[in-house]
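I opened this entry to record what I looked up, chain by chain and then helix by helix.

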Amino acid sequence: MSENKICFADNFFNIKLYLQALKRLKVIGLVTLVCMMLFSVFSIIHNNLGRNSIEYVQAHSGAYFMMTFVVIIIVPLMVLILFHYLTTRNGSDFYHSLAQKRRSVYFSFVAAVVTWAMIIIVCFTLVTTIAYMLVSKLCILSIANILAYSFNILISCILVTVVFALGCSITGTVFSSLVASACILVLPRLIITIFSYMIASESLILSTDNIALLASPSCNLPVEIIFDDILSLTYNNSISSFGFSTLYTFILAIIYLLIGCKMYEKRPSETAGKAASSKKIQYCLRMIIGYLITLFIVVYLYPVFVHNRSYIKTSIDVLILIFLIAAFVMFLYELITSRTLKSALKALLHSPILLPMDAATIGLLLLINSYTLNNVPAASTVDYIKVDIYDVCEIWDLTNDFPDEYTLINDQYTVDYGDNWTNNNYYYNGAYPDYIFQRLSDIELTDKVAIEAASTALNEYCSQIKKNPNLAEGSYYHDEASDTDIYYLYEFRITYGTGHSELIRHVRMTASDAKVIINSLLESTEANDIMHSLPEYDKTGTYVSNPNLSDDEVKEIYNTFREEIKNVSMTDYLNTVISSHTVTSLDLYDNEASTPSSTQLYLTSATPNAFSLYMKYYNEHNQNSFDEKLSTALNSTDDYRAYLTAYIYDYADNTVYYATDRDSSGSDRDLLIYADSILDEAAVPIPENFKENFNPETCYICLMYIDLYALYEEYYPGTDLDVITMNEYNGSGGIYFLLNKSYDLNKLINEFSDGFETRKIYVP
Amino acid sequence: MVYVPDELYFIPGATINKMSDLYRSIYPAFDIDRCHYLAETLKLDEWKNISTFSKGMKRQVSTILALSAKTDYLFFDETFDGFDPVIRNFVKGLICQDVLERNATAIITSHSLRELEDVCDKLALLHKGGLILQSDIENLKTSHFKVQIAFPYDYDETLFSDIEHIRFKKSGSVSSMIIKGNIDETEVLLKAKNPVICDILPLTLEEVFSYEMETLEYNFDAVLSEMEVENNE
């Protein structure tokens with residue numbers, strides 16, 4: 001028997017061909033790896049050198065982000081290198097003449113590219129993680145997050161590899177390979193995303209990520225990398241966690257691998273140098289490109305059909321222009337790829353087929369829209385609901401008997417807030433999901449009353465949308481039965497769990513339905529457990545901090561807070577935070593889950609011991625600084641206003657400023673007018689010898705920071721001089737004035753409140 | 001099976017060593033020593049980039065790689081075109097060696113039939129994608145032969161109606177014919193007609209090819225004659 005007999009295993013994979021392919025890619029592989037590692041280490045060291053603040057490192061935004069370069073550039077390049085022989089006749093002849101089965105060559109080469117991708121990812125992740133660990137005091141890593149990200153990058157590399165291999169198999173030139181590969185990789189998801197956005201934007205009850213599982217733009221991980229990280233068109237961040245996207249991408253890769261293998265096996269050598277391996281494929285590529293352009297017609301016409309059909313006539317010329325552009329592009333593509341005018345003209349003749357394709361697309365979208373409005377689960381079929389709260393203020397509104405109705409005030413429909421107006425003091429750190437609200441949204445509410453309210457609300461809302469397709473967000477509808485206007489004041493994203501599936505809808509509802517749902521949520525055991533079961537200070541993955549305090553002080557305050565908050569319900573905690581003026585807080589980071597979260601734990605009257613402890617340490621740290629600055633200010637000038645200015649600059653370390661420009665337009669001018677009038681009324685009469693006669697015992701030095709959006713102030717007890725200081729991270733203009741201690745501060749606030757948002761000053 | 005194409009292919013930037021590495025991965029019986037030996041014999045630098053070689057040298061590289069693969073079947077497509085006569089004979093010798101020692105089968109295509117005569121056992125003629133003739137070389141030579149014959153009397157082609165002939169050309173009293181058939185039997189028939197001259201000459205493969213093609217009207221003699229007439233005019 002000849003030594004050259006090919007064994008069965010060689011029918012699918014040839015180890016030597018695989019090793020050969022690995023060798024051929026070693027230069028690009030090693031250069032990429034070394035460059036990435038060096039760049040990563042240098043950037044980590046550079047970014048952390050001399051830095052004092054803590055950084056919470058997330059894989060997709062840290063140095064690990066460089067791995068996207070492997071997905072988008074390196075892997076396609078490797079595939080094009082290995083499969084380059086398919087673009088030349090002699091190369092194709094050579095490889096097609098090999099004794100091994102064609103699929104053996106195909107799988108061996110694909111495996112080689114994937115192997116190199118894996119080597120680069122593993123080595124790079126290791127080196128980068130070690131580099132971060134060297135600066136671990138400044139950087140908090142989530143190993144789960146990093147592992148998930150790296151694994152997803154590898155899956156993405158596999159998909160990109162097989163897509164480009166498929167692209168090479170069905171075409172015969174580098175240009176057409178790139179076009180075909182890009183079409184295969186991006187276009188399906190791009191088209192689905194466009195459809196998703198269109199349906200969601202006209203739907204009112206859907207959002208782009210909850211039309212259907214497979215319709216989510218983040219299903220396809222490489223496409224998510226392109227849209228999220230490269231082009232910043234969307235933000236989904238599925239790549240940072242294991243989930244459906246990982247599985248979907250992997251299955252898609254397997255499908256494309258098998259299709260690519262089949263196409264490679266059937267590919268004749270004559271395809272080399274041509275645009276496509278067959279006329280059918282060339283036709284499909286051409287039509288896809290044309291269809292993509294005519295999607296603008298669909299994007300324009302779909303809302304017209306959903307809402308108002310009268311726009312069509314006025315825009316016929318635009319639609320015709322789009323179609324002509326599509327036809328021209330098809331002509332040009334055919335001319336470039338086939339290099340014959342005859343084929344290009346034939347392509348032009350096929351372009352009218354795009355019109356029925358667009359019509360069918362619009363029909364399909366209308367069908368989906370109709371289905372979503374009719375697919376309303378009955379309360380009896382719903383096992384649980386989950387609620388995402390968008391606006392924290394709504395919690396206060398709904399748990400404090402906020403008024404239900406809008407009234408007509410000054411020709412504007414608004415709510416008569418009366419004395420109940422409050423201001424949102426809850427600060428979101430937008431970089432990470434909020435610890436509290438993330439957990440609130442995961443609670444599966446099984447309260448039947450809440451489920452009934454949610455189902456009823458959805459049913460009502462869908463009915464109104466169907467009756468009135470132009471029902472705008474946040475508006476009202478007229479109920480003829482009761483002859484009243486019903487306002488949708490509140491909107492929540494609600495997940496309806498039915499059987500083994502979940503239905504996610506944005507539901508606008510009345511205050512009465514919203515109250516039932518929110519109160520049920522906040523009063524649930526799970527909701528209260530969120531604050532009653534805060535992680536221990538030393539727990540792995542937990543980090544608590546405050547920029548003004550030491551680690552030991554933070555630990556003591558946090559532990560005190562943990563104990564005190566166990567006696568506070570979630571409702572009371574949130575209400576206190578929202579209505580309180582204090583911005584004293586601890587920052588909690590939690591990276592136990594693959595998606596890290598954070599929140600600010602507010603120290604309020606709900607937890608007086610923790611708050612007092614905070615102020616004690618804060619004052620201890622700043623006592624000398626306060627005294628020194630006051631002393632400096634007192635010695636600086638005789639001029640009253642200049643004194644205040646100097647005092648403010650010295651006192652607050654230039655983190656706040658006093659707007660002295662009386663000619664500034666708009667709101668600053670109003671602020672100054674107010675300040676002057678209050679100063680005139682409440683300020684201590686300026687003594688002739690101001691410095692000698694100034695008695696801090698009798699005055700407030702009121703540093704009240706005001707802007708149009710919020711009002712901050714922090715009470716500073718513990719000194720002989722009652723000084724109200726500013727929160728040091730504010731940076732806009734403010735009004736400062738000297739007040740007689742006998743002056744009625746409430747009156748002051750009330751006078752300020754006209755036209756401004758204000759809060760009550762906390763006076764011990 | 002190993003294939004040496006007409007248009008050669010090498011991995012971009014490859015050297016003989018790199019290519020032999022590739023062949024070793026493809027062909028389990030690849031003989032690296034033989035490859036080194038042949039490269040050395042033909043004075044080919046194994047570390048030099050093949051793209052810098054001349055056309056003939058590239059063809060030599062391709063051939064020695066194929067010969068080193070030690071496969072059961074070797075396909076050579078227009079391989080000898082780029083070789084000088086010395087190399088050509090050397091390569092022919094190597095192929096014959098493989099055939100004899102390893103019972104390998106070599107399939108060689110060429111437009112120069114003269115080269116194949118002394119190397120091949122069998123011949124097949126392809127025309128427009130189809131096989132028009134397939135035979136042993138020896139058989140072909142003995143079954144196709146040329147006869148030059150003259151008679152003391154007047155005659156024409158009908159005299160030879162009992163003999164299968166492809167071509168008949170009479171110039172004066174001497175005729176030449178291409179005859180298909182048994183040479184001995186034909187000789188007897190011809191001698192029975194009492195010729196003055198009767199020479200039986202073997203045909204070269206090129207002549208066999210030309211005459212077979214002529215029957216398929218694949219011939220440009222008429223065109224040449226017309227051009228000649230026009231020139232004379």
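I count two residues as in contact when their C-beta atoms, placed from the backbone, lie within 7 Å. The model is predicted, and I read every entry with that in mind.

**Entry 1: chain B**

I started with the contacts in chain B that have a separation of 6 or more. Residues 24 or more positions apart account for 67% of them. I then went through the secondary structure and found 9 helices and 9 strands in chain B. Burial came next: 24% of the 233 residues of chain B count as buried.

**Entry 2: chain A**

The chain has 764 residues, and buried ones make up 38% of them. For contacts between residues at least 6 apart in sequence, I noted that 75% join residues at least 24 apart.

**Entry 3: where the chains meet**

How many residues of chain A are in contact with chain B? I found 18 on chain A, facing 16 residues of chain B. On the chain A side, α1 (15-24) and α4 (89-96) are the elements that give two or more residues. I sorted that side by class and got 6 nonpolar, 7 polar and 5 charged residues.

**Entry 4: the nonpolar cores**

I looked for the largest nonpolar core and found 105 residues in it. V70(A), V75(A), V113(A) and V162(A) have the most contacts inside this core. Which helix supplies the largest share of it? Helix α6 (residues 143-170) of chain A does, with 17 residues.

I followed V113(A) further. Leaving aside neighbours within four places in sequence, V113(A) is in contact with L25(A), V75(A), M78(A), V79(A), L82(A) and T161(A). Another core lies apart from the largest one and has 75 residues. I noted A327(A), Y435(A), A454(A) and F561(A) among them.

**Entry 5: α3(A) against α5(A)**

I took the helix pairs next. Two packed helices are described by the angle between their axes and the distance between the axes. Helix α3 (residues 67-82) of chain A and α5(A) cross at roughly 150°, and their axes come within 10 Å. Angles over 145 degrees count as roughly antiparallel, so I logged α3(A) as roughly antiparallel to α5(A). The crossing of the two is right-handed.

I listed the residues that meet. From α3(A) come M67(A), V70(A), V75(A), M78(A), V79(A) and L82(A). From α5(A) come F109(A), A112(A), V113(A), W116(A), A117(A), I120(A), I121(A) and F124(A). By class this contact has 14 nonpolar residues, no polar and no charged. V70(A), V75(A) and V113(A) had already come up in the core entry.

**Entry 6: α5(A) against α9(A)**

I then turned to α5 (residues 102-134) and α9 (residues 244-266) of chain A. They pack at an angle of about 135°, with axes 9 Å apart. Is this pair oblique or roughly antiparallel? An angle must be over 145 degrees to count as roughly antiparallel, so α5(A) is oblique to α9(A). I noted a right-handed crossing here.

On α5(A) the meeting residues are R102(A), R103(A), Y106(A), F107(A) and V110(A). On α9(A) they are L257(A), C261(A), Y264(A) and E265(A). I got 6 nonpolar, no polar and 3 charged residues for this contact.

**Entry 7: A180(A)**

I picked out A180(A) in helix α7 (residues 174-203) of chain A. Buried or exposed? It has 25 other C-beta atoms within 10 Å, and 20 or more make a residue buried, so A180(A) is buried. Not counting residues up to four places away in sequence, A180(A) touches G167(A), I170(A), T171(A) and L285(A). I checked I170(A), which is 10 residues from A180(A) along the chain; their C-alpha atoms are separated by 8.2 Å.

Most residues other than glycine have a negative phi.

R339(A) has a positive phi near 60°. It lies in the loop between α11 (316-338) and α12 (341-350) of chain A. I counted 11 other C-beta atoms within 10 Å; 12 or fewer means exposed, so R339(A) is exposed.

N194(B) has a positive phi of about 60° and is not a glycine. I placed N194(B) in the loop between α7 (183-191) and β9 (197-202) of chain B. It counts as exposed because it has 10 C-beta neighbours inside 10 Å.

Conventions. Residues are numbered from 1 along each chain as its sequence is written. Chains are lettered from A and ligands numbered from 1 in the order in which they are written. This is a predicted model: local features need pLDDT of at least 70, side-chain atom pairs count only at pLDDT 80 or more; totals for chains, interfaces and linings use all residues. Helices (H or I, at least four residues) and strands (E, at least two) are DSSP runs, numbered from the N terminus. Ala, Val, Leu, Ile, Met, Phe, Trp, Tyr, Cys and Pro count as nonpolar, Asp, Glu, Lys and Arg as charged, and the others, Gly among them, as polar. Axes are lines fitted to C-alpha atoms, for helices over the stretch in contact, and angles run from 0 to 180 degrees between N-to-C directions. Angles under 35 degrees count as roughly parallel, over 145 as roughly antiparallel, 65 to 115 as roughly perpendicular and the rest as oblique. A crossing is left-handed if the near helix is turned anticlockwise from the far one by less than a right angle, and right-handed if clockwise. A nonpolar core is a set of buried Ala, Val, Leu, Ile, Met, Phe, Trp, Tyr and Cys residues joined through C-beta atoms within 7 Å.
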